[in-house]
Each structure stands twice: as structure tokens, then as C-alpha cells.
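This report describes selected features of one structure, moving from strands to helices and then to a pocket. The reader is asked to keep the sequence and the model in view.

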Amino acid sequence: MMKDNIDHPQPQYQKTKGYWHAVLRQLKNEPLAIISAGILLVLIIAALFAPWLAPADPFKASMLKRLMPIGSPGNLLGTDELGRDMLTRLMYGGRLSLIMGIVPVFSAFCIGTTLGLIAGYLGGRVNMVIMRILDIFYAFPSVLLAVAISGALGPGLSNSLIALTLVFVPQIVRVAESVTTQVRQLDYIEAARMSGSSNLSIIRVHILANVLGPVFVYATGLLSVSMILASGLSFLGLGVKPPEPEWGLMLNTLRSAIYNKPYIAALPGGFIFITSIAFNLLADGIRSAMDIKK
Amino acid sequence: MMEHTNTFLNSEDRGGPAQPLLLVKDLKKYFPVRNGLFSREKKFVHAVDNVSFSVAKGKTLGIVGESGCGKSTTAKLIARLINPDSGKMVFDGDGVVEYGGIALKDFRKNLQMVFQDSFASLNPRLTIEQTIAYGPTVHGVSKLDASKQAKDLLERVGLEPEQFANRYPHELSGGQRQRVNIARALAYQPRLIILDEAVAALDKSVQAQVLNLLQELKRERQLTYLFISHDLHVVHYMSDEVMVMYLGQVVEKGPVDLIFNNPAHPYTKALLSAIPSMDPGKKTLKPPLEGDPPNPINPPSGCRFQDRCPVVKELCRNATPELKGVGDTSDHIVACHLAEERHI
């Protein structure tokens, strides 16, 4: 018999990292999501540091420099119908547009997840009451609902934020409720109930972590919708008021220039388009990265 | 300190060895069926209908029957994961959830369950150690003690704590996950463990390992098992007593050898003849039973097995058979009008 003189290496046990760590690692294999995240980062930095980065004053009009073409000296992206620097206004406009995209979705995420967890976990009558009330909101197309609510509340930034939040709450509740209902039936919840732990502890330890992921992905997909709706509200005069720079509003005021300077008029729309596409692709990337199977 | 971690939840053996650990009497659960929004008529699925039995301390009671016969519902009723419509349960001499008896929280410390789906019964976001330690911390054991105990339990069920404690369920195989489920059930120092098809999803070799682990643990910790399975080989191997269920009722119960060698109920006979033979020359050509079990919404009056019974008599269609002792033994009981005449 041959003597076993090979040095068996001691098995190296890799310490397993947390779930989100694994998701992040998976995300590295999604080039589109990485590029989108990069674009969003640039846009956010440009908006955040606009006062320092912008080449001009966003409110300084000049009758002589109206509707300068793209690439003019001193105005890299041209000027608008009042001769204000487009690049500057787009950077400043990004602040409001991104706020209008992120804030309503974030607040709807918080409110909606809570309501959805309650409805899904308790089930029965509570579920019925919450879901049927939200169905009333759900019955309207979201654009119509946003216009109706902010029309009723009056124009202004905070009112459009409230209106958009109200538009997204029912959608997020639906997702949170259905995921909670699914998770609630799994055996590990029964096992936790067998351990005699309270409902609050079960929701906190066992349900929340498993519901948050899918709802988060869904909410990321809503960011672009929110931005587009917000721009729509501003376009209709229900959101931000001029001369405040905001992409949707800029699109509206530049409407008259669509025939003689179409590229300038399309610029804010292009930014809305790029940002929402980037949000969507990032959401898609996160979705597939989170899909860690056994 | 050590003493504390080992006995923190255990309630002592009070009634002595002769006292059955669990006594179930007339357990009943009907699930309402809605048939349409405006329908006034209420119908019920007779899921578990007047089930009574007892489990002796340190024994294993196997529960067998085809799917839909109420095995799992019985398990969930016992664990109070669903509330029974009526019926009584006595745990080691104490009435469960009744005045002067044992409270639900205390009862649950004595009883744990291992489920069939090893993946669905583990929270995917908790590490193995967190999963096992969760229950004890709920009951006020310190995090440090619970984690130490979790590691000991992992070691006991054959999983190297260093390697597995910080892993997530999706990184484990089915057999390993089921070992984790067993470790979690043991974390409470329970006296009764309900194994609901606990090995059904595992392949044969892993099944054997897990079954042997269960047998060792039973001896070591004086556990009592309620072993629910549709696999008769496994039930034969594990059980001291076997209970056969059909359509929400107990049709036969007795010591494992008597049930397997000398079944009294025609349904039990049919079940046993469905076990594939080890001899390839022996082939079953005819199905042992024809048809499906009747609709549990409207079970037939009289004997519930009448429509499929090969030896049905007029009496079976009119009168519901009671559970009666077979021959002169009182531990082998059967619910069949014809059992007596054929045995005597």
C-alpha cells in the first residue's frame, strides 16, 4: 500500500459575507448597470455642485444672446429663449428634477412598505380595508391622478412632491403586500411562530429583510416615472414656477423654439430621457443581481 | 452558566413514564369553503374529524395516509399554528391552553416542528447560526449563550460549526439544511418534535443519515417524535406505533409490527400492498385500490372508506364504525365493522 505522503492542505473556510455584499459583487457583472450608475453619479454631482461648477448665472438673461446654437463660444450648449446659458440651467435644473424624481419615490417607499407589511401580514379584514381604499387611487391613470391632486393642492414644489407621493403609494403597497403575503406563508415564518416570538419580532427579523429587496427594486423603477411625471407637471404649470430652472419647465418654455432651434429645445428632454433610462437600467441591474438562487 | 444554557427551557418530566406525553381528544377542524361572492350556503372541508390518540413518552408515533388525509393539518393543529374548532389536548398531564393548564407559550417551548421543505423553512437572510440562535434569544437567553449553544448544536447534528455557522441557507445542500432545521428544533430543549415529512425531499442515502441522526438524538435527549410520512419503509424503520389516517379520521392505530404484519383495516392492507417489493420478479399488476378518496367537503355517511372498500357490506353504508380493539389487545385499534368477524 502506498504511503500517503502528500501534504493535505487544511481546508480554508471562506467567511461568507452578507447578502447585500453578494448583490454588490453580482452587480459588477452588469456593465449596463455600472455605466448607468456612472452617468447618474455625474448628473448628481453636476446638480449638487452647480453653484461652483456652472459657468454662468442661471437667471442672467441677455437679449443679444437669445437662442445661440450649441457650441457657441462661452455657451457650450447654447442659450435659451431669454439668452440664459443652457448648460448652467441644465445643471441647476437637474437639482429640482432629481429631487422630484427621488423624494416622492422615497417617501412613497417608506409609507407604502409599512402599509403593505401591515396589510400582508395581518391579512383578513385589515388587508381588505387597506387594499380596497388604495384601489380607488389605483383606478386612475397615474398622470391623471398626479395632475388632479396637484391641481387641487395648487402649484408649487412641495405640492407636486405630495401629489407624486400619493400617486406612488398605492403601487408600492401592492408590491409590498403581495410579497409579504407570499413570505408569510413560508415555513420559516411558521417555525418562528413556533418559537413563540411576537408578531413585531417576526416582521422585523423574518419578513422585513425578505420584503425590502423586491420592493426596493420596484421603487428604483419608479424613479424615472416620477421624474417624467414631475416634468409633466412643471410643463403644465403645476410644478415649479418660472424662472426657476427645471427640466420639464425648460422643455415647456423652449417649446416655441422647436422650429428654429430644435436641438436646443430638445436638450432638457434629452436629459430627462437619459436620466430615466439610466435609472431604469440600474434598477434592472440591481434586480438581476439580487436574484441569487440557491 | 453551562447548566443554565442546557436546561433553560426544559420543563421537567412530571407525570412519570406511564403518563402519555401528548393526549389528543376529538380534535376537529373544518375549513370553510367559499363558493362564490353571493352564495349563502356555507360548506366545509372536513380536514380533521374527531381525531383522538396519545403518544407515549420517548416513543415515536408514525402517522401515515395518502395526501389530503389530514396528516399535516393534524400536525399544525397540535402545534397550534392553526386553531382547532374543537378538541382537547393534554401535554404531560396539563391541559393545553385551558384554565389551570399549560399556556401556549410554555407549550411551544416543549414542542418543535421540522418541515418538509428544508429551503422554505430557513430564512434566506439569516446565517445558520442566527437561525438557530433566534428562538432562544426570543425567550431571553443572552446573544452570547445562544450563539455558543447554536455552535454546539451544529456540531451535534454533524455540521462543522467553523465551516457552517456563518453560511447562508442557499449555500447548503438539502441534507445539510435539514440538519440545520433539526438543530433549530433542538435549540429549545423540546420534549416533542413533530417531523412533518421531514425526510421526504431528501434522496435515499441522505435520508438514511438524517434518520439515523434522529434516532440517536431521540435516545440521547429522551425525545418523543410524531413522525408524519407517506413513505411506509421509513415509517416502519422509525416508529414504535403507527396511526393510519383516511379522509380526516383515524382508521387504525397500533404497534408497528402488528400494523405491518397483521393489518386489520382494508385501507391499511391496500396501503401496505402498495409498497414496492424488493424482489424484481414480483410485480404488482393491479392497483390495490380503485378511484380517488371522496370529496372531503361532503364525506359519505357511514364508513368513509365504503366507496373504495373491496369488502364493503350494507352495514358500512349506514353506520359509522368506531375505533375498537382488535382481538384481545387494546393497543391495536381499528375503525371497521368487518374487522372483528374476520379476526375472531
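## Sheets of chain B

In chain B of this predicted model, 8 strands make up an open sheet with mixed pairing, in the order E6-E7-E8-E3-E9-E10-E12-E11. Strands (E, at least two residues) and helices (H or I, at least four) are DSSP runs numbered from the N terminus, and two strands pair if DSSP finds at least two bridges between them. Strand E6 (111-114) and strand E11 (324-325) of chain B each have a single partner strand, so one side of each lacks a neighbour in the sheet. Helix H8 (residues 204-221) of chain B packs on this sheet and touches E3, strand E7 (192-196) and E8 of chain B; contact means heavy atoms within 4.5 Å. The direction of H8(B) makes about 155 degrees with that of E8(B).

A further open sheet of chain B has 4 strands in the order E2-E1-E4-E5, with antiparallel pairing. Its edge strands, E2 and strand E5 (94-95) of chain B, each pair on one side only.

| Strand pair (chain B) | Sense | Bridges | Facing residues |
|---|---|---|---|
| E4 (86-91) and E5 (94-95) | antiparallel | 2 bridges | B:Val90 and B:Gly95 |

## Two helices of chain A

How do helix H2 (residues 31-48) and helix H4 (residues 86-122) of chain A pack? They meet at an angle of about 110 degrees, with their axes 7 Å apart. Axes are lines fitted to C-alpha atoms, for helices over the stretch in contact, and angles run from 0 to 180 degrees between N-to-C directions. H2(A) is therefore roughly perpendicular to H4(A), a term for angles of 65 to 115 degrees. H2(A) contributes A:Leu43, A:Ile44, A:Ala46, A:Ala47 and A:Leu48, while H4(A) contributes A:Met91, A:Gly94, A:Arg95 and A:Leu98. These contact residues comprise 7 nonpolar, 1 polar and 1 charged. Ala, Val, Leu, Ile, Met, Phe, Trp, Tyr, Cys and Pro count as nonpolar, Asp, Glu, Lys and Arg as charged, and the others, Gly among them, as polar.

## The second largest pocket

A pocket is an open set of points on a 1 Å grid over the protein atoms alone, where a 1.4 Å probe fits, with protein on both sides within 12 Å along at least five of seven lines; lining residues have an atom within 4 Å of a point. The second largest pocket holds about 320 Å³ of space, a volume being the space filled by probe spheres set on the points, which are joined across faces, edges and corners. Among its 19 lining residues, B:Gln249, B:Val250, B:Thr320, B:Pro321 and B:Ala335 lie nearest its centre. E2(B) gives the most to this lining, with 4 residues.

## Conventions

Residues are numbered from 1 along each chain as its sequence is written, and chains are lettered from A and ligands numbered from 1 in the order in which they are written. In this predicted model, local features need pLDDT of at least 70 and side-chain atom pairs count only at pLDDT 80 or more, whereas totals for chains, interfaces and linings use all residues; side-chain values use heavy atoms, leaving out hydrogens and water.

Notes: Parallel < 35°, antiparallel > 145°, perpendicular 65-115°, else oblique.
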